[in-house]
Amino acid sequence: MECRKLFYGRKIGRKLSSAKVKILDNGLKNNTIKSIKNWDKAVLEIGGGDGEFISFSAENRPHISHLEVEPFINGAVKVFENIQKKGLQNLACENDIFQNVQEKLPTVFKEIYILYPDPWHKKRHNKRRWINGVLLLFLSSRLVSGGKIIIRTDHPSLVKFFETELKKVNLSFVRGEDHLPNILKDFLKIYNTKYGRKNMSSSKKDFSFVIYKD
Ligand SMILES: C[S@@+](CC[C@H](N)C(=O)[O-])C[C@H]1O[C@@H](n2cnc3c(N)ncnc32)[C@H](O)[C@@H]1O
């Protein structure tokens with residue numbers, strides 16, 4: 001039986017201070033998926049890192065529930081910290097890989113964000129690209145009618161990869177900044193995510209995909 005490794009990134013970075021351990025414990029107790037009461041047209045972000053965008057969106061859209069799924073502990077702590085500091089009642093975070101959470105997700109999402117995913121651009125690492133057609137098809141099954149999946153990357157090799165994968169599974173998509181939801185356009189006017197700011201590829205350009213569910 002094939003046993004595919006599911007995660008290649010880092011789960012922990014800098015050692016957590018005792019104050020951060022407290023924030024983590026409190027978040028894991030009170031602000032995970034179980035705390036979401038209103039699933040109506042919710043927003044999901046996968047691999048949000050420090051959660052800059054999902055926190056901004058939750059703060060600016062208090063009537064919509066938001067869920068972040070992020071395996072990196074230091075990232076999850078930042079999300080829990082925002083929840084506590086800003087008193088956000090509509091943001092939850094699962095500190096786990098998406099593959100362990102996906103089956104718990106109902107079909108309720110109006111927006112699913114994947115911002116600057118790991119590029120794995122070396123050929124020998126290409127099989128680590130777990131955000132592929134099969135996963136995107138699964139995500140589209142969790143969208144409400146009219147819902148969208150938004151992907152943003154600065155890596156031209158990922159652009160080609162996503163185009164091929166989306167065509168393989170027959171998902172309709174458009175490319176370009178104009179199609180981004182207003183909340184992301186507003187966020188990008190003021191900030192970007194940590195990896196968006198780094199823009200580590202040589203392209204120095206961002207590419208966006210919006211995948212639609214009819
Ligand atoms: C390149 S970083 C981008 C982080 C953030 N979106 C940004 O723009 O700053 C990729 C993120 O994906 C997360 N990630 C990697 N594998 C994942 C998985 N299987 N499930 C969920 N997130 C994952 C990593 O922990 C990391 O935070």
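This is a predicted model: local features need pLDDT of at least 70, side-chain atom pairs count only at pLDDT 80 or more; totals for chains, interfaces and linings use all residues.
A residue counts as buried if 20 or more other C-beta atoms lie within 10 Å of its own, exposed if 12 or fewer, and partly exposed in between, with C-beta atoms placed from the backbone. Residues are numbered from 1 along each chain as its sequence is written.

**Positive phi**
- Lys41 is not a glycine, yet has a positive phi of about 50°; Lys41 sits in the loop between α1 (18-30) and β1 (42-46).
- Helices (H or I, at least four residues) and strands (E, at least two) are DSSP runs, numbered from the N terminus.
- Asn170, also not a glycine, has a positive phi of about 65° and lies in the loop between α5 (156-168) and β6 (173-175).
- Asn170 counts as exposed because it has 8 C-beta neighbours inside 10 Å.

**The sheet**
- An open sheet of 7 strands runs in the order β3-β2-β1-β4-β5-β7-β6 with mixed pairing, where two strands pair if DSSP finds at least two bridges between them.
- Its edge strands, each pairing on one side only, are β3 (91-94) and β6.
- β1 pairs with β4 (residues 109-115) in the parallel sense over 4 bridges, and Glu45 stands opposite Tyr113 in β4.

**Around the ligand**
- The ligand is surrounded by 23 residues, each with its C-beta atom, placed from the backbone, within 6 Å of it.
- The closest are Gly47, Gly49, Tyr116, Thr193 and Tyr195.
- Helix α7 (residues 194-198) supplies the largest share of this shell, 3 residues.
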